[in-house]
Number of protein chains: 2
Amino acid sequence: MEQRLSMVSLGVQSLERASKFYRQMGFTEAGISDEHIIFYQLNGVALALYPRDKLAEDAQVSAEGGGFSGITLAYNVRDRAEADRILAEAEAAGGTVVKPAQDVFWGGYSGYFADPDGHLWEVCWNPFFPIAEDGSIIVPESME
Amino acid sequence: MEQRLSMVSLGVQSLERASKFYRQMGFTEAGISDEHIIFYQLNGVALALYPRDKLAEDAQVSAEGGGFSGITLAYNVRDRAEADRILAEAEAAGGTVVKPAQDVFWGGYSGYFADPDGHLWEVCWNPFFPIAEDGSIIVPESME
């Protein structure tokens, strides 16, 4: 495999509810979206919203499951205030703040919100990981 | 929020087992990785491997949970043969093919593997979503 990711698909209970949330958070649906699936163009990666049972069916696995998914997404911000602001916006849009932003042991400032389906997004100010002009993340070689 | 993603974090039982799998799949760890967390630089996005219980703790949620996570990752390939090859490689590296690649209703060719922790990766030939030179995905405006 080349070292890359093409898409993240989030299983949702209601496409309408989920897409309303992401729209309020500032995301614009790609034109290819329809009543069955919604796509967003992110920085070189696609995000999809798809009914949870159909996502499991696509992978030919049982849709049974719950609790902690074991996967989190992160959105890095350029300063601490932006982290607080985005968490407040997520709550206003119908998400849940599961961890208010706070200083964390490794030197950043981070909180989490859950989208209406419980998918966890970390909103994170990480002074060690530069954010490029286009929003891409640069993983450094050392914590300096 | 700007329309972007910074990182995907996968909760794992064993950093050693998980990183061995991704190494065999062709991923190189970033220098900042240590015995507590492993990072990969993907196309403008970071991938992290982190112990599952610590990931839950970071989000201040219970680590309880299992079954279908409700999230899948996708790796788009440039032709059908590449999909078959990567699924075979995933199996050889200690993953599980949960769906052999096959023609799918929307016109692509797709299968799934699970990494050693059960995280689902779709390996997908999607003729409608161009792959840029740098591996980035371009979400089209229509299915044409």
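Predicted model: local features only at pLDDT ≥ 70, side-chain atom pairs only at ≥ 80, totals over all residues.
Two strands count as paired if DSSP finds at least two bridges between them, a strand being a DSSP run of E with at least two residues and a helix a run of H or I with at least four, both numbered from the N terminus.

View 1. Residues are numbered from 1 along each chain as its sequence is written, chains are lettered from A and ligands numbered from 1 in the order in which they are written, and side-chain values use heavy atoms, with hydrogens and water left out. Strand 4 (residues 65-67) of chain A and strand 4 (residues 65-67) of chain B run antiparallel and are joined by 3 bridges. Within this pairing, Gly65(A) stands opposite Gly67(B).

**View 2. An open sheet contains strands of chain A and chain B.** The sheet has 7 strands with mixed pairing, in the order 6(A)-7(A)-8(A)-5(A)-1(B)-3(B)-2(B). Its edges are strand 6 (96-103) of chain A and strand 2 (38-41) of chain B, each of which pairs on one side only. From one strand to the next, the twist averages 20°, where axes are lines fitted to C-alpha atoms, for helices over the stretch in contact, and angles run from 0 to 180 degrees between N-to-C directions.

View 3. Strand 2 and strand 3 (residues 46-51) of chain B form an antiparallel pair over 4 bridges. Ile38(B) is placed opposite Leu49(B) of strand 3 of chain B.

**View 4. Chain B meets chain A.** The contact (heavy atoms within 4.5 Å) takes 74 residues from chain B and 75 residues from chain A. The two chains bury about 6600 Å² between them, 55% of it on carbon and sulfur atoms; buried area is the accessible area (1.4 Å probe) that two parts lose on being put together, summed over both. Met1(B), Gln3(B) and Arg4(B) supply 15% of the area that chain B buries against chain A, more than any other three residues.

**View 5. A salt bridge links Lys99(B) and Asp58(A).** The closest N and O atoms of Lys99(B) and Asp58(A) are 3.8 Å apart. A salt bridge requires a side-chain nitrogen of Lys or Arg within 4 Å of a carboxyl oxygen of Asp or Glu, and 4 are found across the interface of chain B and chain A.
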